[in-house]
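Here's a quick briefing for anyone meeting this structure for the first time. Have a look at the model below, then work through the notes topic by topic.

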Amino acid sequence: QLQASGGGLAQAGDSLRLSCSASERTGVMAWFRQAPGEERQFVAAIRWDTRSTYFADSVKGRFTISRGTARVTAYLQMNNLEPEDTAVYYCAARLHYSLRYYDSEQYSFWGQGTLVTSPA
């Protein structure tokens, strides 16, 4: 079970941090987002064993993903927010790394969404 938090309203250029807590250890945690009328898209992922991180091109250089000390919490730091970042953000997890970390169908566990709004 995953619990996401930290969404809200932020002006363009501001920052927000999302948190995702799992009820048990995971191998990979990721964030996806879905804007109204659009498909869910990959944002970022972190692999616990190597600490490798992966980002969508649209957020590279602005977003970072990190983990807590245990394999149960991940954070998405979103800097320099843009109106295009407005979406419901979902955290997801799987037990083992997958080369298709960007594919939402690879993830077995999902948290409830948290809304991020960055108006134009």
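Predicted model: local features only at pLDDT ≥ 70, side-chain atom pairs only at ≥ 80, totals over all residues.

## Starting from a hidden ring

Residues are numbered from 1 along each chain as its sequence is written, and side-chain values use heavy atoms, with hydrogens and water left out.

**Aromatic rings**

- There are 8 aromatic pairs here (rings of Phe, Tyr and Trp, the last by its six-membered ring, pair if their centres lie within 6.5 Å; planes under 30 degrees apart count as stacked, over 60 as edge-to-face and the rest as tilted).
- Phe-32 teams up with Phe-42 in an edge-to-face pair, with 5.7 Å from centre to centre and 70° between the planes.
- That pair links distant parts of the chain: Phe-32 belongs to strand S4 (residues 28-34) and Phe-42 to strand S5 (residues 41-47), 10 residues apart. Strands here are DSSP runs of E with at least two residues, and helices are runs of H or I with at least four, numbered from the N terminus.
- Phe-42 is buried as well, with a relative accessible area of 12%.
- Tyr-54 and Tyr-97 make a stacked pair, 6.0 Å centre to centre with 25° between the planes.
- Tyr-54 sits in strand S6 (residues 53-55) and Tyr-97 in the loop between S9 and strand S10 (109-110), so this pair ties together parts 43 residues apart in sequence.
- Is each of these two tyrosines buried or partly exposed? Tyr-54 is buried at 17% relative accessible area, while Tyr-97 is partly exposed at 26%.
- Ring pairs join Phe-32, Phe-42, Tyr-54, Tyr-97, Tyr-101, Tyr-102, Tyr-107 and Trp-110 into a cluster.

**An arginine over two rings**

- Arg-40 lies over the face of Tyr-90, 3.9 Å from the ring centre (a charge sits over a ring if NZ of Lys or CZ of Arg is within 6 Å of the ring centre and within 35 degrees of the ring normal).
- The charged end of Arg-40 also sits over the ring of Trp-110, at 4.8 Å from its centre.

**The disulfide**

- The structure has 1 disulfide, meaning a pair of cysteine sulfur atoms within 2.5 Å.
- Which cysteines form it? They are Cys-20 and Cys-91, with their sulfur atoms 2.3 Å apart.
- Cys-20 is in strand S3 and Cys-91 in strand S9 (residues 87-94), so to speak of the chain, the link spans distant parts, 71 residues apart.
- The link of Cys-20 and Cys-91 is right-handed, with 65° about the S-S bond.
- Both Cys-20 and Cys-91 are buried.

**The four-stranded sheet**

- An open sheet of 4 strands runs in the order S1-S3-S8-S7, with antiparallel pairing (two strands pair if DSSP finds at least two bridges between them).
- Strand S1 (2-5) and S7 stand at the edges with a single partner strand each, so one side of each has no neighbour in the sheet.
- From one strand to the next, the twist averages 15° (axes are lines fitted to C-alpha atoms, for helices over the stretch in contact, and angles run from 0 to 180 degrees between N-to-C directions).
- S1 and S3 are antiparallel and joined by 4 bridges; Gln-3 has Ser-21 as its bridge partner in S3.
- Strand S3 (residues 16-22) and strand S8 (residues 73-78) are antiparallel too, with 6 bridges.
- In S8, Ala-74 stands opposite Cys-20, and Gln-77 stands opposite Arg-17.
- Strand S7 (residues 63-67) pairs with S8 in the antiparallel sense over 5 bridges.
- Arg-67 has Ala-74 as its bridge partner in S8, and Ser-66 has Tyr-75.
- S3 is mostly covered, with 5 of its 7 residues buried.

**A buried aspartate**

- Asp-85 lies in the loop between S8 and S9 and counts as buried, at 1% relative accessibility.
- Leaving aside residues up to four places away in sequence, Asp-85 touches Arg-33, Arg-62, Phe-63, Asn-80 and Val-116 (contact means heavy atoms within 4.5 Å).

How values were computed:
Buried < 20%, exposed > 50% of the residue type's maximum accessible area, 1.4 Å probe, protein only.
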